[in-house]
Amino acid sequence: MSAALHLQRGLRERIRSGDAEITVVEPRSHLTYHPLLAEVAAGSIDPRHVVVPLRRALPHCRVLTARITRIEHATRRAWADAAGRGEPPAPVELDYDVLVVAPGSVSRTDPVPGLAEHGLGFSTVAEAVGLRNHVLEQLDLASATRDPALRQAALTFVFVGAGYAGVGALAELEDMARHAVRGYHNVGQDDLRWVLVEATDRILAEESPELAAHTLAQLRERSVDVRLRTTLESAAGRVVALSDGSRFAARTLVWTAGVRPSPLLRDTDLPLDTLGRIRCLPTLQAVGPDGRALPGVWAAGDGAAVPDPRAGGAPCAPNAQHAFAQAELLADNLLVSLDGGPRAAGIAEYRPDRAACSTSLGLHRAVAHTRRGGRLTGRRAWWLHRARHLNRLPSGDRKVRVLMDWLLGGVFSREVVSLGTLEHPRAEFEAGFGNGPGNGRGTGPETGSGRGTADDRPT
Ligand SMILES: Cc1cc2nc3c(=O)[nH]c(=O)nc-3n(C[C@H](O)[C@H](O)[C@H](O)COP(=O)(O)OP(=O)(O)OC[C@H]3O[C@@H](n4cnc5c(N)ncnc54)[C@H](O)[C@@H]3O)c2cc1C
């Protein structure tokens, strides 16, 4: 969307005169701004405010709500499936002159026993809202049950994978849950157990080692049990078994163990590296067989292996900072290449700025590094983090809405109601036919077991 925004601006006259046409193919009708998903889970931002409707943002482009299934650059054709929900695919063939490929990445999953049945993902708005409701339901369950084992499992939250998604989601939800338990007479903050499991020896691999170390220290200070060089071996029967030998019951298992390039890229005749990303020149053009630019193909973001001069030419890390900066440069370079002639010499190479990075760790908590190498924590880091994301959010309308959410959050206390039933809108109606529990609650897949409840903390 970012590249298309710049291209529609640069090509406006040509689009008007019918000389150029931009088609954006995307299975969802919106862009999701992932770095703010953790704040959606925490209830600080309305879910609709972190998505940008493509048709409104790109009025000069043709937006096709479909998934590209194959690209054959040799004949400059691509195929898209414009399937509706539950309907058979309706393939569409598209011809093009210039191709921009930016399908990002997908979650990497491992065949861990019990993971498919009990794991929760965290990469979409629906998952962020679902996880928030789930966590709040666990507090209700822990408060109501008489079974100490069930209570302990309900209050144990395990996150596997300490990248942006895992660290951000855990930190924001831990902060939210800590606030929420103030309203419970029999659940205390010390009853909550948060575990972060990471296979490597550091967290936030996409960020600088300094910021990662700093974030780790902050999490441990908050009693988050961070286990490095540890993997999830099993989640069968909701019992988490880790490679360090520990085993414990947990009703919340969030899988955020890294990403891999979009599988679409394997169904193309484009040049890929060993990880399955498009091999790119620093100009964001795909590499041809002769090592020079492959005519007509540009790529950016998580699905592109773009050399990072700051890392000795190794591919850029998959993060939003690179994705946005590359998209902007890609559009500028593409416009220059379309004009041809002497201006073609104006194609520039990608040179990322010195990273200014930050991670939000809950309300009024963050760690941030400035471009000059300064380090901030607490409120100042948190304000800086918010200002950066507000600046980067690609829509003026969304910027205002998110700002309003934050301002309202500063005036009123945090909203901690679980609306799990929204995910099952037919539950109440079905219960009327005797098909459900009949109380209008607890119809979600992860809700209470219906075992004995009591007002008092179990003894
Ligand atoms: C929960 C979460 C939190 C994050 N937090 C941060 C953060 O704090 N800071 C940071 O720098 N980065 C963060 N990231 C990473 C960042 O979001 C990504 O690096 C960035 O979005 C990559 O941009 P992209 O354009 O390559 O891919 P995306 O933003 O994923 O966009 C790719 C688009 O392509 C579409 N697509 C995929 N396949 C097809 C197909 N076959 N046909 C048509 N369309 C297709 C997808 O639907 C998607 O909309 C986070 C990621 C997640 C999941």
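## A tour from strand to ligand

Start by selecting Val 100, which stands opposite Trp 298 in β21. This is a predicted model, in which local features need pLDDT of at least 70 and side-chain atom pairs count only at pLDDT 80 or more, while totals for chains, interfaces and linings use all residues. Residues are numbered from 1 along each chain as its sequence is written, and side-chain values use heavy atoms, with hydrogens and water left out.

Now widen the selection to β8 and β21 (residues 293–299), which pair in the parallel sense over three bridges. Strands here are DSSP runs of E with at least two residues, helices are runs of H or I with at least four, and both are numbered from the N terminus. Two strands pair if DSSP finds at least two bridges between them.

**A second open sheet**

Next, pick β14, β15 and β16, which form an open sheet in that order with antiparallel pairing. Because β14 (232–234) and β16 (247–249) each have a single partner strand, one side of each is left without a neighbour in the sheet. The twist from one strand to the next averages 35°. Two bridges join β14 to β15 (residues 239–242); to find the pairing, select Ser 234, whose bridge partner in β15 is Ala 241.

**The hairpin and its next strand**

Move on to β5 and β6 (residues 77–81), antiparallel strands joined by five bridges. Arg 67 stands opposite Asp 81 in β6. These two strands form a hairpin with four residues between them, and Arg 76 in the turn has a positive phi of about 50°. From β6, step across to β7 (residues 91–95): five bridges pair these strands in the antiparallel sense, with Ala 78 opposite Leu 94 in β7.

**Into the ligand site**

The largest share, three residues, comes from α10. Which residues come nearest to the ligand? They are Glu 26, Pro 27, Ile 68, Asp 302 and Ala 320, out of 25 around it, where near means that a heavy atom lies within 4 Å.

Zoom in on the ligand oxygens. One is 2.6 Å from an N or O atom in the side chain of Glu 26, and an oxygen is 3.2 Å from such an atom in the side chain of His 34. At Asp 302, a polar backbone atom is 2.8 Å from a ligand oxygen. Taken alone the ligand exposes 990 Å², and the protein buries 82% of that (Shrake-Rupley method, 1.4 Å probe).

**Last stop: a salt bridge**

Finally, show the side chains of Asp 397 and Arg 56, which meet in a salt bridge at 3.6 Å, N to O. Asp 397 lies in α12 (residues 396–411) and Arg 56 in α4 (residues 54–57), so the pair ties together parts that are 341 residues apart in sequence. The count comes to 21 salt bridges, each a side-chain nitrogen of Lys or Arg within 4 Å of a carboxyl oxygen of Asp or Glu.

Conventions. Polar contact = N/O pair within 3.5 Å; in protein donor to acceptor, adjacent residues only side chain to side chain. Axes fitted to C-alpha atoms, helices over the stretch in contact; angles between N-to-C directions.
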